[in-house]
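Let us read a model feature by feature.

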Amino acid sequence: TASLPQYAIEDVMQHNNTETGIWVTYGTDVYDITEFVDSHPGGDKILLAAGHSIEPFWDLYTVHHKGEVKEILDSMKIGQITLVDRMRLANRTKHDPYEKEPARAPVFRVNSLKPFDGEPLPHSLIKNFVTPNSHFYIRNHLPVPEINIDTYKLEIKIASKPAIVLSMEELRSKFKKHTVMATLQCAGNRRAEMSEHKNVSGSISGVASISNATWGGARLRDVLLYAGYTEDDAEVKHIHFEGLDNDIAKEPYIVSIPIEKAANPLGDVLLVYEMNGKELPRDHGYPLRVIVPGVIGARSVKWLGRILADSDETLSFWQTKDYKSSPPTPHTGCFDFRDAPPIYESPVNSVVCEPEPGEVLQPVDGEISVRGYAFSGGGNSILRVDVSADGGKTWHSADLHAQEQTPYRTWTWTLWEIKVPVLENSDKVEIMCKAIDSFHNVQPDSISGIWNLRGFLNNTWHRVNVSTTS
Ligand code: HEM
Ligand code: MTE
């Protein structure tokens with residue numbers, strides 16, 4: 001409005017530290033965010049915009065493009081950019097960091113377009129034991145990088161030893177190719193249900209942020225040994241993986257895993273260049289990604305550029321502030337993610353994929369068909385999936401379809417199906433499933449005890465409401 005103070009862009013630029021106050025612009029408005037910086041959910045990255053427009057950053061982290069975030073911003077408004085400067089801004093052209101994304105088959109439920117987060121529809125997810133590449137869920141945090149295979153090099157540095165570099169050609173020729181079938185599941189799978197219980201932050205995944213593929217590539221262990229790692233090297237406790245998907249701050253996607261998993265000859269951690277016998281697609285990490293079987297998807301770094309063996313875990317944003325759990329009732333605003341340990345293995349989980357919520361079913365001989373998946377991390381297999389269609393009064397054990405199960409080394413999901421008796425002509429039939437894994441771990445029955453701020457690892461009994469005719 002006309003009564004708000006007017007500021008030149010030069011004024012805004014001078015407010016770029018805590019002494020002067022921290023100002024930013026959005027559209028034609030000016031905001032004083034000094035007080036907000038410490039409580040920003042995305043950490044001190046916000047300071048990159050100090051004295052500037054936040055728009056290029058919000059175009060990258062499109063999680064900001066929603067009403068609640070705009071409300072926070074509006075509460076900090078102090079004025080407007082002068083008319084002269086507004087005209088200067090209007091003449092600038094905008095650059096979209098997502099303009100070079102790969103083409104995607106129109107088969108996904110899109111949870112976020114920029115960065116892309118999409119999952120297949122539940123019924124198509126379980127059509128195949130091995131998910132076709134075109135249907136494999138995609139979870140990106142940043143734009144997909146464009147990588148020139150001719151100049152691409154992987155750098156590997158073992159603690160204080162000198163770094164070595166390998167081309168893709170060398171990775172293929174110097175190391176035996178191993179293939180491992182492994183299911184990848186995002187820690188945010190089933191976040192939507194958690195958010196219905198109580199709001200959580202993060203993109204709202206349904207039940208299909210999980211898929212299964214055969215991965216081909218070199219064993220991480222072989223590459224570490226080649227680069228100078230020795231098993232008695234007490235200096236090395238964690239392996240860091242750096243992606244080439246840089247953000248504006250030039251801080252790439254980096255996470256780490258403990259050496260006990262990384263160098264375990266039976267841990268099956270691979271540096272992958274083939275997915276289901278085909279070249280790794282761009283969305284899944286071309287030309288090279290890590291696959292850490294049995295561990296949440298976040299550790300399977302795509303577009304791998306560098307491996308570092310170190311005495312500590314990485315201090316990156318993604319390792320220290322994300323992919324962590326919180327108590328179900330944290331003191332609001334006070335929970336410090338740095339105090340929580342990172343999530344690695346995923347807990348036992350199972351989901352009904354068919355029927356989908358809201359379907360009207362016609363029972364045959366008083367029964368309906370129910371199908372889904374079950375999965376447990378850490379190499380655990382699935383012993384049993386129990387299914388109920390009467391709110392849990394009676395349970396029936398489903399038929400399981402799994403690969404040959406190697407104890408402690410089962411990396412793939414189990415698909416299951418069963419015919420269960422139901423009431424006919426009922427407005428509300430609640431179908432539920434729960435699995436038991438080879439450690440006899442069971443799923444919790446409700447969300448309240450495992451709810452957490454970021455909505456990770458929802459593995460509660462899955463419930464689907466349908467109705468029946470006669
Ligand atoms: C996340 C607010 C500026 C980087 C968030 C979230 C809020 C927020 C509410 C949590 C969103 C959710 O997960 O639902 C704001 C406000 C800003 C601002 C009010 C106004 C100045 C920035 C800037 C940057 C940034 C300038 C980057 C340079 C991030 C990142 C996350 C985040 C990296 C985490 C994204 C993720 O978990 O995927 N911000 N933000 N923010 N913000 Fe900001
Ligand atoms: N690696 C990089 N470099 N950048 C990313 O954003 N996302 C992670 C992981 N690896 C990510 C990444 C997350 S959260 C998941 S769940 C998996 O990749 C998803 O792998 P997919 O897209 O091949 O299914």
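Predicted model: local features only at pLDDT ≥ 70, side-chain atom pairs only at ≥ 80, totals over all residues.

Q: Into which domains is the protein divided?

A: The division gives domain 1 (6-90), domain 2 (108-313) and domain 3 (349-468). Take the centres of domain 1 and domain 2 over C-alpha atoms: 34 Å separate them. Seven residues from domain 1 and seven residues from domain 2 make up the contact. On the side of domain 1 that touches domain 2, five residues are nonpolar, one is polar and one is charged.

Q: How do strands of a sheet pair, and in what order do the five strands of the open sheet stand?

A: The general idea comes first. Strands of a sheet pair through backbone hydrogen bonds, in either a parallel or an antiparallel sense. Here, five strands form an open sheet with the order 1-5-4-3-2, and the pairing is mixed.

Q: Why is one side of strand 1 and of strand 2 left without a neighbour in the sheet?

A: Strand 1 (6-7) and strand 2 (16-17) stand at the edges. Each has a single partner strand, so one side of each lacks a neighbour in the sheet.

Q: How many bridges join strand 4 to strand 5, and which residue stands opposite Asp29?

A: Strand 4 (residues 29-32) and strand 5 (residues 77-81) run antiparallel, joined by three bridges. Asp29 faces Gln80 in strand 5.

Q: Where is Val110 placed, and why does Val110 count as partly exposed?

A: Val110 lies in strand 6 (residues 108-112). For exposure, count the other C-beta atoms within 10 Å: 20 or more means buried, 12 or fewer means exposed. Val110 has 13, so Val110 is partly exposed. Val110 and Met76 are 34 residues apart along the chain, and 32 Å separate their C-alpha atoms.

Q: How many residues surround ligand 1, and which helix gives the largest share of the shell?

A: Ligand 1 is surrounded by 21 residues. The closest are Pro41, Gly42, Ala49, Phe57 and Ser201. Helix 3 (residues 67-74) supplies the largest share of the shell, three residues. Domain 1 (6-90) and domain 2 (108-313) each contribute at least three residues to the shell.

Q: How many residues of that shell are nonpolar, polar and charged?

A: The shell around ligand 1 holds 13 nonpolar, six polar and two charged residues.

Key:
Residues numbered from 1 in each chain as written. Chains lettered and ligands numbered in written order. Near = placed C-beta within 6 Å. Helix = DSSP H or I, 4+ residues; strand = E, 2+ residues; numbered from the N terminus. Nonpolar A, V, L, I, M, F, W, Y, C, P; charged D, E, K, R; others polar. Domains from an automatic or database assignment. Pairing = 2+ DSSP bridges. Contact = placed C-beta atoms within 7 Å.
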